[in-house]
Amino acid sequence: YKKLKPDYPGNFNRKKGKHVEAMIKNLFKEKGYTYHSGNYTISKGHNDECDMVIETADKIIFIEIKNQPLPDSFEQGDDIETLRCLGEGMIESQIQCCKHIKQLKNKGYIIFEGENQPTYKLNYNNRRIICISICSQEYLFLTNKMFSENFLESMLCTTYHAFDSNKENRLKNLNELREKLVALVSDIYGNAGANKVFFDTLFRSAQQISTILNASNTLEDFVENLTTPIYISDGSNDVYCQLTNRIK
């Protein structure tokens with residue numbers, strides 16, 4: 001990443017993100033697993049986009065693929081910059097997932113169009129909705145179930161500030177994204193507030209998704225291998241150990 005970025009003009013992260021998204025989708029295609037993606041209409045003149053959605057008889061899984069690497073200052077202990085990048089990356093993906101959930105619960109369906117796929121109608125049918133955020137980098141702490149859930153729930157009742165006015169400005173976008181997330185959660189769950197809103201949420205790296213796909217024989221098998229850590233922890237806090245223990 002560090003070697004390539006200087007050689008690519010413009011927004012390297014955005015370009016890299018497109019390639020990561022294409023890679024993830026190709027992995028599903030190679031396994032023969034059906035997914036849907038594309039744009040959908042929220043209201044007249046207002047559309048949104050879903051990176052991927054897969055479904056089984058009892059589950060709907062929204063997958064958002066994000067490319068938000070932690071900065072070099074992470075290794076230097078710059079807490080503000082680390083918090084900003086970490087928070088923005090996590091919140092942006094959850095905002096997208098919440099938009100999908102809101103649309104699905106309000107209408108009972110979402111109609112996807114575009115991306116060279118046939119128009120597809122995703123029906124809610126009161127199935128369990130699970131949100132998976134995929135990042136290109138391998139951050140084990142980020143893919144820890146308890147960390148991600150607790151961090152996101154804390155964002156519903158916490159704003160972040162710095163004593164240094166220059167650093168305070170770097171947190172502005174994070175707090176603005178937080179307000180959008182709070183509004184969406186309120187729209188979807190009402191007075192439920194922060195009570196386990198993000199229980200059915202997982203963060204996974206591209207490498208972890210690839211490994212889980214390789215270890216799965218069917219789409220249903222993949223979904224079970226992917227989502228089991230939501231409900232069961234073996235104490236290892238390691239996605240690969242959890243997968244190995246499951247498939248023994």
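Author: We can go from the overall fold to single side chains. Keep in mind that this is a predicted model.

Reader: How many helices and strands does the protein chain have?

Author: The protein chain has 8 helices and 7 strands.

Reader: And how compact is the protein chain?

Author: Its radius of gyration is 18 Å. The globule rule gives 18 Å for 248 residues, so the chain is as compact as a globular protein of that length. Along the principal axes, the C-alpha atoms fill a box of roughly 50 × 45 × 40 Å.

Reader: What share of the residues counts as buried?

Author: 48% of the 248 residues do.

Reader: What about contacts between residues 24 or more positions apart?

Author: Take the contacts with a separation of 6 or more. Residues 24 or more positions apart account for 68% of them.

Reader: Let's pick a helix. Which residues of α6 are buried?

Author: Helix α6 covers residues 206-214. A206, Q208, I209, I212 and L213 are buried there.

Reader: Why are they on the same side of α6?

Author: They cover an arc of only 160° around the axis, and that puts them on the same side of the helix.

Reader: New topic. How many aromatic pairs are there?

Author: The structure holds 6. One of the pairs is F28 with F222, and it is edge-to-face. The ring centres are 5.3 Å apart, with 85° between the planes.

Reader: Which parts does that pair tie together?

Author: F28 lies in helix α1 and F222 in helix α7, so the pair ties together parts that are 194 residues apart in sequence.

Reader: Are those two buried or exposed?

Author: F28 is buried, at 0% relative accessible area. F222 is buried too, at 0% relative accessibility.

Reader: What about F147 and F151? Why is that pair stacked?

Author: Planes under 30 degrees apart count as stacked. The planes of F147 and F151 are at 15°, so the pair is stacked. Their ring centres are 5.9 Å apart.

Reader: Where do F147 and F151 lie?

Author: Both are in helix α3, residues 145-155. They are 4 residues apart, about one turn of the helix. F147 is partly exposed, at 29% relative accessibility. F151 is buried, with a relative accessible area of 10%.

Reader: Which ring does the charged end of K121 sit over?

Author: The ring of Y109. The charged end of K121 is 4.5 Å from the ring centre. K145 has its charged end over the ring of F199, 4.7 Å from the centre.

Reader: Last topic. How many disulfides are found?

Author: A search of the whole structure finds 0. Take C50. The nearest cysteine sulfur is that of C97, 7.6 Å away. A disulfide needs the two sulfur atoms within 2.5 Å, so C50 is in none.

Reader: And is C50 buried or exposed?

Author: C50 is buried, with a relative accessible area of 0%. C135 is another buried cysteine, at 9%.

Methods. Residues are numbered from 1 along each chain as its sequence is written. This is a predicted model: local features need pLDDT of at least 70, side-chain atom pairs count only at pLDDT 80 or more; totals for chains, interfaces and linings use all residues. Side-chain values use heavy atoms; hydrogens and water are left out. Buried means under 20% relative accessible area, exposed over 50%, partly exposed in between (1.4 Å probe, protein chains only). Helices (H or I, at least four residues) and strands (E, at least two) are DSSP runs, numbered from the N terminus. The arc is that of the directions from the helix axis to the C-beta atoms. Rings of Phe, Tyr and Trp (its six-membered ring) pair if their centres lie within 6.5 Å; planes under 30 degrees apart count as stacked, over 60 as edge-to-face and the rest as tilted. A charge sits over a ring if NZ of Lys or CZ of Arg is within 6 Å of the ring centre and within 35 degrees of the ring normal. The radius of gyration is taken over C-alpha atoms; the globule rule is 2.2 Å times the number of residues to the power 0.38. Contact means heavy atoms within 4.5 Å.
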